[in-house]
Amino acid sequence: MARFSQLSAVAFTALLLAACAGKAESPAASATEPTAAATATVASAPVPADDNLNATLWMQRSVEYAGSTETAFALAKIRLNEALKDRRWTAAPAEQTGNFSNLPPAIICDVDETLLDNSAYQAWNITAGTAFSNETWSKFVAARISTAVPGAVEFTNYAASKGVKVFYVTNRTVDGEQATRDNMAKLAFPMGGNVDTFLMANEQEGWGSKKGSRRAVIAKDYRVLLLLGDNFGDFVDAYKGTEDDRKQVFEASATHWGHDWIMLPNPSYGSWEAVPYKFDYGAAPDAMRDAKRKALTSWSGQ
Ligand SMILES: [Mg+2]
């Protein structure tokens, strides 16, 4: 500790000196010639604009993102412990019918951007100047290179250590199931033992992108303690609608948020992004962007 303080004092002094030197020099330097950084910007080729640059940079590089996900999982751990003690507790009231109080406990987790970090795919789209496509996404899934969202491995293993079955209800499709299992096993997520805990989209009849039918299958045999996701559709089936429609459903679920439904941050993609252009994924990129700009609430500038 003493050594740390000493080093910190030395480092602080050096920083102070550097700052003072910078302050003294900068006006003269800016009056005569551009700074090195400005020269580099002017000299380089135009940089293509991409709507996902800031979101992806934040998710890949910021401590603010890691802090947000760690916070969500820390809350999830507290709620898990509360839920284990309260046998009336269920996170799936729509699907959990009958007497569920003595069923074994489970949690239901979405995968992408809830437990797995696929920002390398977003980053590739930015640098390649491309957008999401099923073809490139399938190749990315097959590469098995997703990393773990900060806090996700620790939290899911904590749940498993308490005898809670960890289910993965994902809209990755069944052809990507083995790659997803391999990727998650490599990252040390709980793999379910002798229970099939991976419920992929279209794996069975009626398992579409809406997740209620898959939650119902789990809720027949387990008491569902928590839902975790990064998208409204990880919690409710009525996620495709106007902004007002979604707000109504959101507000009707008010008691769940932060209690038995834990939302992870994802500014990069999700159903929220498609609301302004009415989920018309075939629209021209400029039409989508125009609809999103028109949805903003703006200061007048006066
Ligand atoms: Mg997701």
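1. In this predicted model, Ile 107 touches Ala 159, Val 164, Val 166, Phe 167, Leu 225, Leu 226 and Leu 228, with residues up to four places away in sequence left out of the list.

2. Ile 107 belongs to the largest nonpolar core, a group of 43 residues. Together with Phe 167, Leu 225 and Leu 226, Ile 107 has the most contacts inside that core. At least two core residues come from each of the helices α4 (63-85), α7 (152-161) and α9 (212-221), and likewise from each of the strands β1 (105-109), β4 (165-173), β5 (198-201), β6 (223-229) and β7 (261-263). In soluble globular proteins, nonpolar side chains tend to be buried together.

3. For the protein chain as a whole, the secondary structure consists of 12 helices and seven strands. Of its 302 residues, 28% are buried. Among contacts with a separation of 6 or more, 79% join residues 24 or more positions apart.

4. An α-helix has 3.6 residues a turn, so residues three or four places apart point the same way.

5. After α5 comes Gly 129, which has a positive phi, near 70°.

Technical notes: Residues are numbered from 1 along each chain as its sequence is written. This is a predicted model: local features need pLDDT of at least 70, side-chain atom pairs count only at pLDDT 80 or more; totals for chains, interfaces and linings use all residues. Helices (H or I, at least four residues) and strands (E, at least two) are DSSP runs, numbered from the N terminus. A residue is buried if 20 or more other C-beta atoms lie within 10 Å of its own, exposed if 12 or fewer, and partly exposed in between; C-beta atoms are placed from the backbone. Two residues are in contact if their C-beta atoms, placed from the backbone, lie within 7 Å. A nonpolar core is a set of buried Ala, Val, Leu, Ile, Met, Phe, Trp, Tyr and Cys residues joined through C-beta atoms within 7 Å.
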